[in-house]
Each structure stands twice: as C-alpha cells, then as structure tokens.
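Trainee: Could you walk me through this model while I have it open on the screen? I would like to go piece by piece.

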Amino acid sequence: MKKNIIFIAAIIFTGSTLFAQKADEAAIALHPEQAKETISRHIYGHFSEHLGNCIYGGYWVGEDSPIPNKNGIRTDVVEALKAINIPNLRWPGGCFADEYHWMDGIGPRSERPKMVNTHWGGVTEDNSFGTHEFMDLCMQLGTEPVICGNVGSGTVQEMSQWVEYLNFDGISPMADLRRANGRNEAWGVKYWGVGNENWGCGGNMTAEFYADQYRRYATYARNYGNNRLYKIAGGANSTDYHWTETLMKNIPHHMMQGISLHYYTTNWRNKGSATEFGDSLYFDVLRRCVEIEDAIDRHIAIMDKYDPRKRVALIFDEWGTWFDVEPGTNPGFLFQQNTMRDAMVAGLTLNYLNDRCDRVKMANIAQTINVLQALIFTEGEHMILTPTYHIYEMYKVHHDATMLPLSFESPKYTYGNQELDAISISASRNEDGMMHMSIVNIDPENSFHLTISPGMEIGKEVTGRILTADEMTSYNTFMKPENVLPEEFSKAKIKDGAITLKIPAMSVIVLEVPVMN
Ligand code: AHR
C-alpha cells in the first residue's frame, strides 16, 4: 500500500507544557479524577434472529441430535458464549420480530403451526424454537433476555399477553397457559423492545405514527410483581435524526427507558466481499465505521436536548459489518466470513461505546452465530470462533467497570489524501483494583509508540494480550480455526510510573495494570 508518512512534528500544548509529538508516537493522559460513569456490561450484548443458520443449527439442534446438547441447545455454543460473559441476548428479530406471533411458538413442538420466513430466504419456520426454548437458552447462558415484540403485524393484546405469559406469577389466562406448557414460575423478563425498524420492515410507519403506536403498545406491556419492564422504543435508521427527535418529543419519557438505533458498517450500493478486498476497501470500511460514531453523537445531542438528565438510554441494538454473502450460500441467510478487518471494526466500536457509557446503556452486535458480523460459526457438529469473538473475549474486562476518561492526539492513518485517527483507546478500572486499556491501531502498515500517563499510582507489572494477523484478510476456517487468535503481549513496560509500548500495525491490545490506591 502506498502511504505517505508525515514526519513533521506536531506541536501540541498540554496545559502549560509545550512539546513536540512525532507522527509515529502518541502521549496519552488518563484522568481518573474525572471518572464517574460505569460501562454497562450490556454494551457487550448480542442479537440473534430467526435468520439463516443463527437459531437453527447455530443454537438449536433439537434434543435428538447427535451434536452434544442440553434440551436441544448445543453445548459448545453455550460454553463459548459463557466464556465471554454474554450479558444479554436480543431475540426473535430483527425484521422477523414484526412478523412473529409468539403463540405459534409454545406448546408441544409437533403441534406448532408453521410459517414462512418471508424476510429471510422464504424458508419454512416450524416454530420449534419458541419462548420456552429461548428462555432456557438464556438460563443456560446466564444472560438477560431482551425480547422484541411485534408492532408491525401484531396486536396490542398479543404483546400484552406475551408479557403476562412471561412475567405474571398469579392466576391468569396467560400464566395458566405457561404452567400448562411446563413452566411454573414467571421468568421475569426485563428488557422489552416495542417493535423493530418500524420505519421499514416493521410496518413502514412515519415517526409520528410510530410514536403514537408506541404509546398504545407500551401502555399494555405491564409490570408484574416486582418486575419493572425496561421498554425500548424502536429507534432510527442510521442518520434519520428526525426519527429520534420525534420519539423524544412525542413519547413521555417515563414510558420509555431506552430508544434504539440501528446502523451497520456497510456500503449499501456495493457491499463487497467479506474476504477479498485490498487497502482501499479496508480503509473504506473503517472510514464508514468512524462515520457511525459521528452519527451516534448527533443522535445523542438530540437526546440531550430533550433529556438533559439522561433518563432515556440510547440502545444501539443492531450494529456490525454487512458484506455480500459468501459465494454459493443462500442470499437470504446473510452468511459472511469474518476477518481481521471485522475485528478492527469491533474494537473501534466498543471503545467508542465505552466512552459514551453515560448515554449508551446497551448495544447488540448482529448477529451472534452464522449471520453478518458473527462471533461463532457452526457447521454440523463443528464450531469455530471468529476474530470478532476474540475481541469480545479480550474486552470483557470492561464489563461494569468504571470508565476512565483520557485524552490524546492520535497519529494519523493516511490512505491517498484521506486520513483517519490510527489509534483508539478506552480505559476502565474494575472493583478488583485493576485498570484495563483496550488499544486499537487500525493502520495496516505502521506501528506507533505510545506513552500512557495513568494519573494515579500503578503497580510495576503490566500484562497484556494482542490480536493481530499477517494479513487484513486473515480469518479462521474449520480447517484452520486458530489462524487469528489472541496472544500474550509482553512488550509493554512501566517506567517512572508511565506505561510505554509500541503497538504493531493492525492490532488490538488489551493491557492490565494493578492500581495502587
Ligand atoms: O440483522 C439483519 C436485519 O437488519 C434485521 O432483521 C433488521 O432489523 C435489520 O434491517
């Protein structure tokens, strides 16, 4: 790749100190005295839809399958997701949610009605994975369910009854039905989506019409016992700021705890291959990823205007890369490979969301298994982990930790006459007194020297792990499942209370340092 490296020193003022920063280095200052926000573990959430082989073959193989399973749910997948402390799982869609009639997915499996999954490949959905199976999955994972109800083609009564079925413990038609289907206790589902993409596949509504519909549906999605629903309004598409503004204006804030946003890293006109790309498309995808950050900031600014006390959360419940499907696979199944480029998008996005944790309380990457920016691929009895999975595994140290504000001037990653910040960093401190920093260098050719001033007394040992690869197109396959794998990173040092390291090109590093006070 042709790259212009500018070695002109940048003159930077930090407080009263004047110093020159070279183009291949950065000085990072942490500000622990300003730390007050918690990085909700729910930012590390997931999304799984009845789409392609996400549910069927991904989680669900059925009780009679030779693939090891518990109650029909594959054991290898459960173990892999438990290893990243999966905090929540959004289901059943996506576009599928606004066509899904939950009563078709309860009762004896052999008697459940079938339906056509019109959005995703026109395949027959036999409803064998329904409410009880999903709740069992969440319990096996130890994760919070996030259920998205049907506003587009469902009724207010249908949604209201689903909540009653899930959450009411007394005597009632729905609670009795649940008991008849084998579950005595209410599950107590908290997170409740009121429709999905209602500007599009969820009913093609205007923002004004949806806001009114939201008020109706949300009214009858009741709280039962001590369980308080956390209701999430179906939010905007990408840069549709009018949608966010209308919902913030027209829905009373006590009626919604969150408002969602969907924004995929893609070029809708020409998505391109997930694996066959060069420098230009690598840069293009990362540029689009950074553009999303700017868009989220604009949505947040609108929310700040109507809700300065930040009572309504931004829930980024669909995000990730979206490329052409792999050649020869069903176009409706959205199956794409996952390379080091996807890992960079995940690392950048999660760092960015961490730093907006005062407003962003949940995010869900699309979609956990075999679909879009997946963490896991399955093929028959086999399962492999993608580079994106490894980012989630490395970053789990940030779950529910206190975010540490920081400041620095990033060196640039230049391509032709375009440039992006090469380095992204997020830092947090957990209850065990450990500080973690996730550091991303998206530049595929240049390494950078970093000096990190922690602003507090730290121990003498720093440990770390790194995810990198020989090629930007590197990925894992069933033949080579460990082609892209995190490794120990021992090159960070502590000197005079500061951490120094050289971050290699195209890599993600997570450092761990004990804090002394
Ligand atoms: O994740 C795939 C689809 O993308 C979802 O079903 C929909 O909500 C979005 O358009």
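Trainee: Let me start with a detail: in S28, what is the bridge partner of His449?

Mentor: The partner of His449 in S28 is Lys502. Before going further, please keep in mind that this is a predicted model, in which local features need pLDDT of at least 70 and side-chain atom pairs count only at pLDDT 80 or more, while totals for chains, interfaces and linings use all residues. Residues are numbered from 1 along each chain as its sequence is written, and side-chain values use heavy atoms, with hydrogens and water left out.

Trainee: Fine, and how many bridges join S24 to S28, and do they run parallel or antiparallel?

Mentor: S24 and S28 run antiparallel and are joined by 5 bridges. Strands here are DSSP runs of E with at least two residues, helices are runs of H or I with at least four residues, and both are numbered from the N terminus; two strands pair if DSSP finds at least two bridges between them.

Trainee: What about S3 and S24, parallel or antiparallel?

Mentor: Strand S3, residues 25–30, runs parallel to S24, again with 5 bridges, and Ala26 has Leu450 of S24 as its bridge partner.

Trainee: Which residues of S24 are on its covered face?

Mentor: In strand S24, residues 448–453, the covered face carries Phe448, Leu450 and Ile452, whereas His449, Thr451 and Ser453 belong to the uncovered one.

Trainee: Now the open sheet: what is the strand order?

Mentor: The order is S18-S22-S23-S29-S25-S26, so to speak from one side to the other, with 6 strands and antiparallel pairing. The edge strands are S18 (402–404) and S26 (487–488), each of which pairs on one side only.

Trainee: Over how many bridges do S22 and S23 pair?

Mentor: Strand S22 (residues 423–429) and strand S23 (residues 434–441) pair over 7 bridges in the antiparallel sense, and Ser426 stands opposite Ser438 in S23.

Trainee: Which strands does helix H8 touch?

Mentor: Helix H8, residues 340–355, packs on the sheet and touches S18, S22, S23, S25 (463–468) and S29 (507–514), and its direction makes about 50 degrees with that of S22. Helix H9, residues 387–395, also packs on the sheet, touching S23, S25 and S29, and its direction makes about 165 degrees with that of S25. Contact means heavy atoms within 4.5 Å, and the angles run from 0 to 180 degrees between N-to-C directions, the axes being lines fitted to C-alpha atoms, for helices over the stretch in contact.

Trainee: At what angle do H8 and H9 pack?

Mentor: They pack at about 30 degrees, with axes 8 Å apart. Residues on the H8 side of the contact include Met340, Ala343, Ala346 and Leu350, and those on the H9 side include Pro387, Ile391 and Tyr395.

Trainee: Why is H9 described as largely enclosed?

Mentor: H9 is largely enclosed by the rest of the structure because 9 of its 9 residues are buried, among them His390, Glu393 and Met394. Buried means under 20% relative accessible area, exposed means over 50%, and partly exposed lies in between, with a 1.4 Å probe and protein chains only.

Trainee: Changing topic, where is the cis peptide bond that involves Pro92?

Mentor: It joins Trp91 and Pro92, with omega about 5 degrees, and Pro92 is in the loop between strand S7 (88–91) and strand S8 (115–117). Another cis peptide bond joins Ala366 and Gln367, with omega about -15 degrees, and Gln367 is in the loop between strand S15 (360–366) and strand S16 (376–379).

Trainee: And Asp496, what is its phi?

Mentor: Asp496 has a positive phi of about 50 degrees although it is not a glycine. The residue is in the loop between strand S27 (493–495) and strand S28 (498–503), and it counts as exposed at 78% relative accessibility.

Trainee: Last one, how many helices and strands does the protein chain have?

Mentor: The chain has 9 helices and 29 strands. Of its 517 residues, 57% count as buried, and the C-alpha atoms fill a box of roughly 70 × 50 × 45 Å along the principal axes.
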